[in-house]
Amino acid sequence: MNISLKFIGALLFLSASSHAQKNIGPTVEDIAFAKKTRELYTKDDVAILESFENISFDINSNASKVTVKSTVKEKLMNINHRADIRKYEFYDSESKIETFSLKFKNDKNADLKIIDEFYKDKDLFYNDARVKHVALDFPVQGYSYNYELEKTYEDVKYFTSLYFNDEFPVLKKKISITVPDWLNVELKEFNFAGNSIEKKQIADPKQKATIYEYTMNNIDGYHKENNAPGRSYLYPHIIVIAKSFQSKGAEKTLFNTTKDLYSWYKSLVDSMKDDTAVLANKVNELTATAKTDEEKIKNIYYWVQDNIRYIAFEDGIAGFKPDESNHVFEKRYGDCKGMANLTKQMLKLAGFDARLTWIGTKHISYDYTTPSLAVDNHMICTLFHNGKKYFLDGTEKFNSFGEYAERIQNKEVMIENGDVFIIDKVPNAKSDFNKERYTASLSIEDDKLKGLAERNYLGESRSLFLYSYNMSKSDKKEEALEKYLSANDKNIEIENIKTSDLNNRDIPLQLNFGIAIDNKVSRFDNDIYVDLEYLNDYKNFDLKDRKTNFEFDYKRNHEAVISLKIPDGYKVSQIPENLLVKEKDYDIAITFEQNQGQIIYKKTFNFNNGVIKSSEISQWNSVVKKLSGIYNKQIILSKI
């Protein structure tokens, strides 16, 4: 009886579902089209069949700002067997979403739960503070939804860029920008070369406007790859620069030049009300016993690094205006702008010339020839001292004074200088600035490799180690250090660890320890077989199917020298071959040699530009294969 009731219930449910799904399920043609599209985009579950984006401009009621309306209409289709995705749109206090809707293919509203919440991100100052999003379920192949978005920007300066690519592949993308005659706009095109983009310019006397239409077909989705360049390097897009507008017979300047961009930044800084008296006692405490200016500077800079928690959570204008130094000091947290301002104000109290500095990190491709808010995503402090400039980034934990993180090296900066500004560049460092060196002197004892080892770190390799070490719980630091040195390998025992001063970020970092390695020595008849490789540097670093450059966090420079004492009464009868690779962006050398009763195994990996380019990936994967082959070969020692 229960089984029968369940069966009838299931039939009723299926019947109701079928009725509800009428006219929204895929047709035979839809399914065939989805299958064909899937053949083109084999790794994607959903495609945007059409995307039409229309941009228009207006002036707000008090004629003080240019507003922007963006309308997007899309048709999304599942090209795989089934798919679940999330559709989302960001906004902030300077923008609002008027329409965010999903409809079935028959244009009936899809009754889906739309969530509106605050958005957090680990990147540098991010001005998108809220996000609307909805979960979309595509139950079968060929199923589709119609998406519509209407978004208004209260101030055109916050409307910065238009991209053709999307999270999903787009079969047809059309962007239409209607520029009224009263508005002077530059549409600055990036990465158009090599892409087939049709562009039209149409005069519309009726609207007293010019319409710019861009059309692009068969566009790949964003590459979902770690350590990739920022999207401004990769994808075709338009930066919208509103230079000026006419209103009530007068022309009002917006961002016509870099000077205008700086003037707006300066207006935000001038509106701040720093109460530096709150900082005075701490500055006196930090500088009271310092013997030199450099010691005073370091004490202040390192105090900010160590005591102010970095939080990137800003919206609207606060995404560009620094928080007052006293607020950051009292709260003990802030974003990059607040931390930069606190560093500046503390240094000024100590008698130094310190200034706020805008910068776009390595993630952004633009420089200050483009007067747009898209140019910046970070703020630091510049110290002028003894005829030199020092760039101080309080968000870089355990960064030494005078050393700069890869993400800001060689990037343009805009330094405040009263009513004018200074454009400069952060110095670029070579890979040996970040040198990481491992040495070990081993011998065979009880069929184990035993001996003493040492690790040394400079630059960003040192900063990274100190950050990771200090993130460990105080009562777990020793255990964490042992796991790190053993690579969490149960066959490696670490003992008697001695370190340099791990509270001093200005000296080379050094770790000395005893090591015993099991399962690397075996005997057969008169031979000893030794596997001298236990570090396995880049062994599985295969970049198969990668489409974009692989960018390291910093320029890597590794060296390992492992010496093995040849046991008395034995000679070397087999040794792995050497490997020498020299490419434009990296050098690798693996060598084995005998010297005074020892085998010296040396490895060097030098990524002098901190990147493996997409054009080099095939060659790189070939190198990794050879590398793994060498790692898997043993040294054979035979009795004399």
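A residue is called buried when its relative accessible area is under 20%, exposed when that area is over 50%, and partly exposed in between, as judged with a 1.4 Å probe on protein chains only. By this criterion R455 is buried, because its relative accessible area is 13%. The structure described here is a predicted model, in which local features need pLDDT of at least 70 and side-chain atom pairs count only at pLDDT 80 or more, whereas totals for chains, interfaces and linings use all residues. Residues are numbered from 1 along each chain as its sequence is written, and side-chain values use heavy atoms, with hydrogens and water left out.

R455 is found in strand β23, which covers residues 448-457; helices (H or I, at least four residues) and strands (E, at least two) are taken as DSSP runs and numbered from the N terminus. Contact is counted when heavy atoms lie within 4.5 Å, and, with neighbours within four places in sequence left aside, R455 is in contact with E436, R437, Y438, Y484, L485, L509, Q510, L511, F513 and L535. R455 is also one of the residues closest to the centre of the second largest pocket, together with E436, Y457, Y484 and H558, out of the 35 residues that line this pocket.

Pockets and cavities were located on a 1 Å grid over the protein atoms alone: a cavity is a set of points where a 1.4 Å probe fits but cannot get out, a pocket is an open set with protein on both sides within 12 Å along at least five of seven lines, and lining residues have an atom within 4 Å of a point. Grid points are joined across faces, edges and corners, and a volume is the space filled by probe spheres set on the points. The second largest pocket has a volume of about 710 Å³. Its lining takes at least two residues from each of β22, β23, α9 (459-471), α10 (477-485), β29 (557-565) and β33 (598-606), and the largest share, 5 residues, comes from α9. The residues that line the largest cavity are V156, K157, F159, T160, V240, I241, A242, L254, F255, P371 and S372.

A nonpolar core is defined as a set of buried Ala, Val, Leu, Ile, Met, Phe, Trp, Tyr and Cys residues joined through side-chain atoms within 4.5 Å. The largest such core has 57 residues, and those with the most contacts inside it are L442 and I515. Helix α11 (residues 617-631) gives the most to this core, namely 7 residues. A second, separate core of 48 residues includes L76, V134, Y145 and L254. Beyond its neighbours within four places in sequence, L442 is in contact with a set of residues that includes I515, I517, L532, Y534 and I562. I562 itself belongs to strand β29 and is buried, with a relative accessible area of 0%. Not counting residues up to four places away in sequence, I562 touches Y438, A440, L442, L532, Y534, L535, I599, I600 and Y601.

Rings of Phe, Tyr and Trp (its six-membered ring) are paired if their centres lie within 6.5 Å, with planes under 30 degrees apart counted as stacked, over 60 as edge-to-face and the rest as tilted. The whole structure contains 40 aromatic pairs by this search. One of them is the tilted pair of Y301 and Y302, with 5.7 Å centre to centre and 35° between the planes, and Y301 and Y302 are both buried. Another pair, Y438 and Y534, is edge-to-face, at 6.2 Å centre to centre and 70° between the planes. This pair links distant parts of the chain, since Y438 lies in strand β22 (residues 436-445) and Y534 in the loop between β27 (527-530) and β28 (550-551), 96 residues apart; both tyrosines, Y438 and Y534, are buried. One aromatic cluster is formed by Y158, F255, Y262, W264, Y265, F320, W358 and F421.

A charge is taken to sit over a ring if NZ of Lys or CZ of Arg is within 6 Å of the ring centre and within 35 degrees of the ring normal. R505 lies over the face of Y302, at 4.3 Å from the ring centre, and R556 lies over the face of Y554, at 4.3 Å from the ring centre.
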